[in-house]
Amino acid sequence: MTAQSPIEQEVAQLLVETLKLKVSAAIIDPVQPLFGDGLGLDSIDALELALAISKTYGYQLKSSDPDIKVIFSSLRALAEAIEKNRTK
Amino acid sequence: MSVAWQQQKEQGTHRSLRFMVWIAQSLGRTPARTFLYPICFYFLIGFGCARQAIRRFRERALNHPVGWLELFRHYHAFASTILDRVYFLTGRFDLFEVEFHGREVLQQELAKGRGCILLGAHVGSFEVVRSLGRSQGNLDVRVVMDEQNAHRIRDITKELNPVVAETVIQVGGVETMLQVKECLDQGGVIGVMGDRVTQDDQTVGCTFLGQEARFPTGPMRLANVARAPVVLFFGLYRGGNRYEVHLESFCDQVQLSPGQREADLRQCVQRYAERLEAVCRQAPDNWFNFYEFWGE
């Protein structure tokens, strides 16, 4: 498994807590898919996660963002987008 | 299995759909309706699994043996609503008598300045919702649909009314529910169906017409996460050119307590299944799930 960077650890923790996943945040591979086959998350989980990200980091994900699928593709991509766009 | 409808979907329906659209537009509703008889006859005779499924549904809902005439009437109601979609989509509301029950329920929700979820089922006509939009000014209704499994319906909708086709929210993308939330935040109304299970859906077992059936939990999870009120919608076909629209307040917020999330979710979906059951008994001809709903 690829190691998690500090921000990835933080986002993984947020993900596990928000979605009440029964896995430990530390075992989420940053380069593996989060949705579908990966962690088995669906579009409603993505919404719940997006709302938590907005609350925690002040970054509002938009469905119209052309990169939205890439952003949600893995923990790494998500953490990068948060780093780039966070307002708090 | 409850995804059986996907397998038996659209068998031979493509040509008949095109044919019906053409007849509907060139001849008008009354002459077009005479064509429904041979079409219903063909589907009734030609597809045994669907026929058996409807027979079993009716036996459960009505507790009496079901004959051919009754089955034919069921098919005819379905075909009528498919034909009428053409007219609803092209704005020909003048052809119909639509009776509204509980219209104020939706008005009250929208007056609060936020959107709501209109939770329906594959019962009667969802398209009759367009007549509601017409009577309520600029009602922004967007239907969440699995278009990949109904791409022919999508193509025809696009031809008949590109504006309506544009408002359909396609499921399957990771960002789908984000789009739904954005629409709700703008005070929009989101139409979702709560009865059919598709491959990737999370489900829960609920008692429905006396036996356990799987229902998707998606609509209630969505309402919970988006904190959107839920209003039930049933657009029942009542023969001739008559429709009845029923709107019922379902809940202001779907609450799922951390310790018993699953149990709360089940209870909520069960309550929906009970309302659906009542509607099915009241208007059995309107049940349009032509597959073994309770599994095999």
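## Surroundings of Asp29(A)

Leaving aside residues up to four places away in sequence, Asp29(A) touches Met1(A) and Thr2(A). The model is a predicted one, and within it Asp29(A) is found in the loop of chain A that runs between α1 (6-18) and α2 (43-57).

Asp29(A) counts as buried because its relative accessibility is 15%, and buried means under 20%. Although 46 residues separate Asp29(A) from Leu75(A) in sequence, the two are 7.4 Å apart in space, C-alpha to C-alpha.

## Extent of the interface between chains A and B

Where chain A meets chain B, 17 residues of chain A are in contact with 16 residues of chain B. The area buried between chain A and chain B is about 1500 Å², and carbon and sulfur atoms give 66% of that area. Of the area that chain A buries against chain B, 40% is supplied by Ile44(A), Leu47(A) and Ser63(A), which is more than any other three residues supply.

## Polar links and make-up of the interface

Between chain A and chain B the count is three salt bridges, and in a salt bridge between the side chains of Asp42(A) and Arg221(B) the distance from N to O is 2.8 Å. Six residue pairs, with both residues at pLDDT 80 or more, are found in polar contact across the interface of chain A and chain B.

On the side of chain A that touches chain B, α2 and α3 (68-71) each supply at least two residues, and the largest share, eight residues, comes from α2(A). Sorted by class, that side of chain A has nine nonpolar, six charged and two polar residues.

Terms used. Residues numbered from 1 in each chain as written. Chains lettered and ligands numbered in written order. Predicted model: local features only at pLDDT ≥ 70, side-chain atom pairs only at ≥ 80, totals over all residues. Heavy atoms only, no water. Helix = DSSP H or I, 4+ residues; strand = E, 2+ residues; numbered from the N terminus. Buried < 20%, exposed > 50% of the residue type's maximum accessible area, 1.4 Å probe, protein only. Contact = heavy atoms within 4.5 Å. Buried area = accessible area lost by both parts, 1.4 Å probe. Salt bridge = Lys/Arg side-chain N within 4 Å of Asp/Glu carboxyl O. Polar contact = N/O pair within 3.5 Å; in protein donor to acceptor, adjacent residues only side chain to side chain. Nonpolar A, V, L, I, M, F, W, Y, C, P; charged D, E, K, R; others polar.
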